[in-house]
Amino acid sequence: MSTLIAYATKYGFTKTCAEMLAKKLDEKTDICDLSSDRPNLAQYDKVIIGGSIYAGRIRKPVARFCMENLNALKSKKLGFFICGMADGDDAQKQLESSFPRELLSSAVAKESFGGEYDFKKMNFLERFIIKRISGSDKNQCRIMKENITRFVDQMKNG
Ligand SMILES: Cc1cc2nc3c(=O)[nH]c(=O)nc-3n(C[C@H](O)[C@H](O)[C@H](O)COP(=O)(O)O)c2cc1C
């Protein structure tokens, strides 16, 4: 049996985090983009699900995957992560509202891995919104490596 990391991204940051996670887990791990693939959960005993947050909500393919596979997921060792620019309590609230409560309650690892603003990748409206919210049009990248390390420890030992 092996580990699945299933994720959805808009501009690639979550994919980068999924790949970092797989490297650090250092065990047989498949990475699956839920926007294009439907993984067969029967092959895995550990499942990690992650996605980025836009306007307070996780990417739709992640929400759909959790709802459609609720029962199958309950029997796995689970970890959940979000990517976003919120931190502290705001990040915690986003994490708790992004996944079904019955799955989160049995998860061994739950973390926010941080996020990035890359103005080159955003569309016009997004650039406008983020410039107003952050008060800047400078790219920002905040990847929380210590949270990824803690997540890996919890998946291995939890
Ligand atoms: C239009 C827009 C809305 C966003 N809304 C949120 C938000 O509500 N909460 C948050 O933490 N991050 C928010 N972010 C930051 C993204 O989650 C962050 O850029 C993340 O790294 C994107 O990951 P991705 O490239 O995998 O999609 C927003 C970014 C954009 C461009």
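Guide: The protein chain has 158 residues, and a compact globule of that length would have a radius of gyration near 15 Å; the chain has 15 Å, so the two agree. That radius is taken over C-alpha atoms, and the globule rule is 2.2 Å times the number of residues to the power 0.38. This is a predicted model, in which local features need pLDDT of at least 70 and side-chain atom pairs count only at pLDDT 80 or more, while totals for chains, interfaces and linings use all residues. Residues are numbered from 1 along each chain as its sequence is written.

Along its principal axes, the C-alpha trace spans about 45 × 30 × 25 Å. The chain has seven helices and eight strands; these are DSSP runs, helices being H or I with at least four residues and strands E with at least two, numbered from the N terminus. Buried residues make up 33% of the 158. A residue is buried if 20 or more other C-beta atoms lie within 10 Å of its own, exposed if 12 or fewer, and partly exposed in between, with C-beta atoms placed from the backbone.

The part to look at is strand S3, residues 44–54. S3 is mostly covered, with nine of its 11 residues buried. Its pairings come next; two strands pair if DSSP finds at least two bridges between them. Strand S1 (residues 2–8) runs parallel to S3 and is joined to it by seven bridges. In one of these pairings, alanine 8 has glycine 51 of S3 as its bridge partner. Strand S5 (residues 77–83) is also parallel to S3, again with seven bridges. Here isoleucine 48 is partnered with glycine 79 in S5.

Strand S4 (residues 57–58) pairs with S3 in the antiparallel sense, over two bridges. Isoleucine 53 has isoleucine 58 in S4 as its bridge partner. The hairpin of S3 and S4 has two residues between the strands, and alanine 55 takes a positive phi near 50 degrees there.

Around the ligand are 23 residues, each with its C-beta atom, placed from the backbone, within 6 Å. Thr9, Thr14, Ser52, Gly84 and Gly115 come nearest. The elements that give two or more residues to this shell are helix H1 (13–25), strand S3, strand S7 (114–117) and helix H6 (124–134).
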